[in-house]
Amino acid sequence: MEPSPNEARLPSAVRQSALAFALVVLTLFGGLAFSGAARADGLDDTLALFLTDKFPDTQKAINQLAADAPPQAAAILDALGDNRLLIDPADHIVAYRTADGSVVDAKTGAPVANAGTFKKVRVNNALRVAVEGATGSLTLANPDPERRLAAAVDVFKTRDAKALPALKSQLAKESDPHVADALRLAVAAIVATSDSATSADRLSAIDTLKARGDQDAQSLIDSLDQRATDPAVKAAAASALSTIHTHLMSWGAAQDLWYGLSASSVLLLAAIGLAITFGVMGVINMAHGEMVMLGAYATYFVQLVLPPSLQSWSLAFAIPLAFVVAAIVGVLIERLIIRYLYSRPLETLLATWGVSLILQQAVRSIFGANNRQVSNPPFMSGALHVGGLEITTNRLWIIVLAIVVFVGLQLVLRATRFGLQMRAVTQNRRMAAAMGISTARIDMLAFALGSGVAGIAGVALSQIDNVSPNLGQGYIIDSFMVVVFGGVGNLWGTALGAMMIGVANKILEPVIGAVQGQIVLLIIIILFIQKRPRGMFALKGRAVEA
Amino acid sequence: MSPQLDRIGLVFVVLLAAAAIVVPVLSLATAANSPFNIPPYLVQLFGKYLCYAILAVALDLVWGYCGILSLGHGAFFALGGYAMGMYLMRQIGTRGVYANPILPDFMVFLNWKALPVAWWGFNWFPYAMLMIVLVPGLLALAFGWFAFRSRVTGVYLSIITQAMTFALFKEFFRNDFGFGGNNGLTDFKDLVGFSLQSASTKAALFSASAIALILAYFVARAIIGSKYGKALVAVRDAESRMRFLGYRVENYKLFAFVVSAVMAGVAGALYVPQVGIINPSEFAPANSIEAAIWVAVGGRATLVGAAIGAIAVNFAKTWFTGAFPEYWLYGLGGLFVLVTLFLPRGLLGLLLRPQRETAPTPEAPALAIEEGADP
């Protein structure tokens, strides 16, 4: 039976479990029984202090309970804080009322008769504060390591100087290394923010904080440095600060890299469909971003109609639906518009832009202009911590999705007949037609595939962003840059292009700002086109002339 | 340019010149209740359309005659507008909310102490005029030099120009950039001493826009009619062939691109005092693409058609957004689709009889055209 963690809300449960725990301890560890008995004598003296019902005496009793930490202490202090501690000065009995209304002896826990003559121990605000502090240090001494750890972390956060003696005494006898670390940190935090700490204390605090090496530690050492006058302490603080700074910098860089990878994966999902359609047909579908938007709305739609029991499986429905919806719309665009504009790519640009306006307005009419929120399924919420890295699970899954889509598309392109035909049309449309490939059919299917993949990108985006009718607009330029950078007709190029642009963006962002970063990237891409007009992975041979 | 197109152009110019005289007279000299009176707000509205028409002519010069579909011409328009806006801001002087004689209100609000260098000299009208021409012109020169030299063509160029205006769009949104952030520049008071609120200033700006449109037409017409213009059309139709013949193709394109950008800048400068505000949304890529559809609706490679298209589409937009605000985007989107599919030569193409000279697509050049182009 373990003590309940909800101490504040369930005092009776705590009290009972504390008592039960005491019994267990007494029976299981016979060796402890002696010391328990020895303490009990001390407890009698302490309890006697309550009988006078004078504030200074009560204060003393609280302090002694906290210092001696007898098993009953928690229950007694709890009762005192709640005005449930009763005394009978005539019979020298200290007792408290339990949650079920019965009155039990404070020391033995045995029921007490004729409780009617008892009176309550008076408490003022200063005493309540003392009770809280004492309860805190009692938990520091709690037999359960988990509780001790939580208490130490609490003290680290509050930096309550009053807890220092309790921390130190517990630290001296602590056996659990994790708890010991936490205790040391708490001591260090108190020392760092104290004006009166000794140089030796400060030096050891610096050591402890340096080992922790995070933002909290940095600011603590900083405040310690300002209070200290000893040059040795100052020097140690400075060296610790620079160590922590380097440490934080390298984790910060790793975090930026992670954000960059995450941005890249979204970019890849959005751009890879464009790479297919642009590669095969040489036309830019300006409504490509709207395919992404449709995919996101498909996810939203699935969330709306799915019964609660199936919500955690929503993505299993959303991904196919998004693919199919976007693919159908894509085929319609290809069949009704683009096919008539093949020799006029610039006009395709304008016509598909018109389609994008219509699709945006249509979605706005159906779903409303407001942002919609799609909730993450349980396995995609939360975050992992790896060292100083925070890795959000939804972004991790999007990277996985991007890889799966990439591998899937490679398989389609390399291992299927349709993929072979598509590559042939990309390389040389007329030759492919001469070999008996129905280029019109390939165009249509390629458009369906590219648009469908854009729809899947929309599912991914809906997990990290709000869903709105102009969600896709921002992606067409970036996606095109990726395709230009990577070269047409090679998915590896698209992947590398997305990775470089995504990561470069996030690395430039903290250095020169988000907008300037994008401008610099744009200039780099324009300069890059100077060197390699057909991208990093250009098709070789006659395809260049096509 | 065919003689037939020239005749239409002449009629258009005469009509414009007439409007430049008649509209101010009707606006200022007739009583407010007279049936012939044109209220100032309408004068302003039509003045705005004329500025769009100048932008359309500028775009037609590069798209219709040089095959460069710039989706970033809105940026040149907005830069000209910002240059004019900066002049107008500095004219406000002590009449601003914070009554600072030097700093515009937004700088006082942002707690800036000194005028940024970019703003120096803008209190002087000739300097502002110079910047209206220079800033878009130089940007076009730098951008075009890089783009054309590396032979970025077709959809690549279109998207890169769109990226350019998108980058500027974002940059101008930032308060730190020093041009008023997302609020832009507004609350203008007067232009070379004339209040922007008065009906006579509005009428004068309308006339100025009409005259600027006439000038833009004549400049573009002169370029196209010259030997250089013929080479330009040849570049559009058979770029590689021209290069092999020894022409410096990139220089031809660059010249047209820069002239066009300057025209767009002037259009923006005339636009700002008439609408009373310039903000980063003028850089939005959608605006530039919309300008392309004006040209397409009117008819590419016609100049007049582009101007007519700009006026017609914007008139429709004003009416449509007033009558059915929900459906305007359907209408605009439909226009994009229908015009490109069914009216590749635009409204003017319906009027003109089919002829050898009408624009083929640069990507599928007909042999006859290449031979017909005089080197």
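Two strands are taken to pair if DSSP finds at least two bridges between them. Strands here are DSSP runs of E of at least two residues, helices are runs of H or I of at least four residues, and both are numbered from the N terminus. The model is predicted, and local features need pLDDT of at least 70, side-chain atom pairs count only at pLDDT 80 or more, and totals for chains, interfaces and linings use all residues. Residues are numbered from 1 along each chain as its sequence is written, while chains are lettered from A and ligands numbered from 1 in the order in which they are written.

The sheet of chain A is a place to start. It is an open sheet of 4 strands in the order S3-S2-S1-S4, with antiparallel pairing. S3 and strand S4 (119-120) of chain A are at the edges with a single partner strand each, so one side of each has no neighbour in the sheet. Strand S1 (residues 85-88) and strand S2 (residues 93-97) of chain A are joined antiparallel by 4 bridges. Within this pair, A:Leu85 has A:Tyr96 as its bridge partner, and A:Asp88 has A:Ile93. The hairpin of S1(A) and S2(A) leaves 4 residues between the strands, and A:His92 takes a positive phi near 55°.

S2(A) also runs antiparallel to strand S3 (residues 103-105) of chain A, through 3 bridges. On that side A:Tyr96 stands opposite A:Val104 in S3(A). The hairpin of S2(A) and S3(A) has 5 residues between the strands, and A:Gly101 in its turn has a positive phi of about 95°. In a regular strand the side chains alternate between the two faces of the sheet.

For chain A, the domain assignment gives domain 1 (11-143) and domain 2 (251-472); such bounds come from an automatic or database domain assignment. The centres of domain 1 and domain 2 of chain A, taken over C-alpha atoms, are separated by 66 Å.

Chain B has 15 helices and 4 strands. Its C-alpha trace spans about 65 × 50 × 40 Å along the principal axes. The radius of gyration of chain B is 21 Å, which agrees with the value near 21 Å for a compact globule of 375 residues; the radius is taken over C-alpha atoms, and the globule rule is 2.2 Å times the number of residues to the power 0.38. Of the 375 residues in chain B, 48% count as buried. A residue is buried if 20 or more other C-beta atoms, placed from the backbone, lie within 10 Å of its own.

A nonpolar core is a set of buried Ala, Val, Leu, Ile, Met, Phe, Trp, Tyr and Cys residues joined through C-beta atoms within 7 Å. The largest such core has 206 residues, and B:Ile54, B:Leu55, B:Ala56 and B:Val57 have the most contacts inside it. Helix H2 (residues 40-66) of chain B gives the largest share of this core, 17 residues. A second, separate core of 67 residues includes A:Val104 and A:Leu138.

Two residues are in contact if their C-beta atoms, placed from the backbone, lie within 7 Å. Where chains B and A meet, the contact takes 36 residues from chain B and 31 residues from chain A. On the chain B side, the largest share, 12 residues, comes from H6(B).

Methods: Buried ≥ 20, exposed ≤ 12 C-beta atoms within 10 Å, placed from the backbone.
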